[in-house]
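This report takes a structure apart, piece by piece. It begins with a cavity, then turns to helices, salt bridges and a few local features.

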Amino acid sequence: RIFPAYGVRFIAINDNVDTINDGADDLAVSVKNIMNEAYSRDISIKTRSALEAKRKNGDFVGAFTVYGYLKTGERHKKLEIDAYAASVVRNIFQMRLDGHSANHIADELNAHGVLSPLAYKKNHGLPYAKKGYADCEDSKWSATTIIRILKDETYTGTLVQGKQTTPHFKLKNLETKPAEQWDRVENAHEAIVSKRDYQLVQRLGGIDTRTSPKESSVYLFSGVLICGCCGSRMTRKAVTYNGHDYQYYYCPLGKKHGCENPATMKQNDLIACVQEMVKAHIDSVVSMEAVLNSVNQERINRELIQEYQAQIDSCEAQLKQVSAFRSQLYENLVNGFLSKKECALYKQQYDQDYNRLEEAIQKWQEKIKEVTENRSERNHWIQHFKQFSQMEKLDRRVVVHLIRSIKVIGKTEVLIEFNYQDEYRTAMSYAAEIKQEAV
């Protein structure tokens, strides 16, 4: 009915059908169409069922892996860690937990000569989506890439697949399925980051984390300070009086908007109060021998040095590649492959890349030196954990790792809800058992 209505001539050579002839068997064509459609539907159902069974079994069925993993196993069913890329992912999560914004993390990675996921896959001959997207034309790190990595649950060892589907086997347009219908298999592969750190990063993404003016990190208590009366997030305000600057936190609702007893506290008083409470809590943890034995500083230092050396090796490989490209410019100019203008532009670009990589190598070497001298930034948290009673300044890292919320009850009263309460109670119980056995 459709083809004749639009004046379309239909020819099926194998079936000896041509609608221009009056003798064409319309019934035979219709029956064959029905059979072909039934066959296509059956193949589609079987394919969907097979893929669903593989996803539920924890097999990776995607075409391209996320940054930090490689395909392995028979027919590439499983994911294995790419050591170099995984170390970059860990750094990203660590910097986010330290209070740095996505833009700052991207700038740091670019400054250290770390290849973006797309550039890394291209440089190492790994498969990547040819019709995918890059945040920037030069394939540099960007805030969008950082946020995408921070939100990917794959890094916790949980394989999440089946997020999209087609509504019908004849249609190719993709539809996003509800999250509750995704296929999730925990412990399907080795994790790059712990679930605790992943959940903490997700929590940080859902709270207010305003960046301090002219700084790369957020305010000390950003997102964790709440009014003890109404539960709303408290606001930081700075005022100048008689030439002196004063900072304090207050409840933004106030009595006019329903808060019966709005909390207010000076920033200096709040920092001093929280610092003393945190020190008391950490002193209790550090006093337990079981907690101290769980921290192996020598092993951590060794792993850090290996990680930084891998970054240096990567930068040196890029440096060698840039040098080779730069050395070929004159030959390409003589052979007429490049004009003088093009040659000058390429040389300028290669010179910039060469200088950037040299600076990146120098920065990574400085980080190795810091580790050997026990001055590494990442080691500060461990030192705080072991000897927090000697702490002179409360930093954002301690607040993020240890504190879930700070309730300001009044001008002199604060209630802190710490993270890791279960771990703390378990350690306390274990320490008590050791003490009892010793007695």
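Ala, Val, Leu, Ile, Met, Phe, Trp, Tyr, Cys and Pro count as nonpolar; Asp, Glu, Lys and Arg count as charged; the others, Gly among them, count as polar. By that scheme, the lining of the largest cavity divides into 7 nonpolar, 1 polar and 2 charged residues.

The model is predicted: local features need pLDDT of at least 70, side-chain atom pairs count only at pLDDT 80 or more, and totals for chains, interfaces and linings use all residues. Residues are numbered from 1 along each chain as its sequence is written, and side-chain values use heavy atoms, with hydrogens and water left out.

**The cavity**

A cavity is a set of points, on a 1 Å grid over the protein atoms alone, where a 1.4 Å probe fits but cannot get out; lining residues have an atom within 4 Å of a point. Grid points are joined across faces, edges and corners, and a volume is the space filled by probe spheres set on the points. The count comes to 1 cavity of 30 Å³ or more. The largest cavity has a volume of about 40 Å³. Which residues line the largest cavity? They are Val66, Tyr67, Gly68, Tyr69, Leu70, Asp82, Ala85, Tyr120, Lys121 and Leu126. Strand β3 (69–72) and helix α5 (117–123) each supply at least two residues of that lining.

**The chain as a whole**

Helices (H or I, at least four residues) and strands (E, at least two) are DSSP runs, numbered from the N terminus. The protein chain has 15 helices and 14 strands. Buried means under 20% relative accessible area, exposed over 50%, and partly exposed in between (1.4 Å probe, protein chains only). Of the 439 residues of the protein chain, 37% count as buried. Contact means heavy atoms within 4.5 Å. Among contacts in the protein chain between residues at least 6 apart in sequence, 61% join residues at least 24 apart.

Helix α3 (residues 83–97) has 15 residues. The expected span of a helix is 1.5 Å times one less than its number of residues. From first C-alpha to last, α3 reaches 21 Å, close to the 21 Å expected. In α3, 13 of the 15 residues are buried, so the helix is largely enclosed by the rest of the structure. Gly99 follows α3 and has a positive phi, near 100°.

Helix α4 (residues 102–111) has buried residues too: Ala102, His104, Ile105, Ala106, Leu109 and Asn110. Their cover includes α3, α6 (143–150) and α12. Just after α4, Gly113 takes a positive phi of about 75°.

**Salt bridges**

A salt bridge is a side-chain nitrogen of Lys or Arg within 4 Å of a carboxyl oxygen of Asp or Glu. The whole structure has 11 salt bridges. Three of them are set out here.

| Pair | N to O distance |
|---|---|
| Glu37 and Arg41 | 3.4 Å |
| Asp42 and Lys46 | 3.3 Å |
| Asp351 and Lys347 | 3.0 Å |

An α-helix has 3.6 residues a turn, so residues three or four places apart point the same way. Glu37 and Arg41 are 4 residues apart in helix α2 (residues 26–56), so about one helical turn separates them. Asp42 and Lys46 are also 4 residues apart in α2, again about one helical turn. In helix α12 (residues 340–372), Asp351 and Lys347 are 4 residues apart, about one helical turn.

How accessible are the partners? Glu37 is partly exposed at 31%, and Arg41 is partly exposed at 36%. Asp42 is partly exposed at 34%, whereas Lys46 is exposed at 53%. Asp351 is partly exposed at 22%, and Lys347 is partly exposed at 44%.

Salt bridges also link Arg55, Lys56 and Asp183 in a network.

**Two single residues**

Is Asn187 buried or exposed? Asn187 is exposed, with a relative accessible area of 64%. It lies in the loop between β8 (183–185) and α7 (195–205).

Thr165 lies in strand β6 (residues 164–165) and is partly exposed at 26% relative accessibility. Leaving aside neighbours within four places in sequence, Thr165 is in contact with Arg48, Asn173, Leu174, Glu175 and Lys177. The C-alpha atoms of Thr165 and Lys177 are separated by 6.9 Å, and the two residues are 12 apart along the chain.

How values were computed: On a 1 Å grid over the protein atoms alone, a cavity is a set of points where a 1.4 Å probe fits but cannot get out, and a pocket is an open set with protein on both sides within 12 Å along at least five of seven lines; lining residues have an atom within 4 Å of a point.
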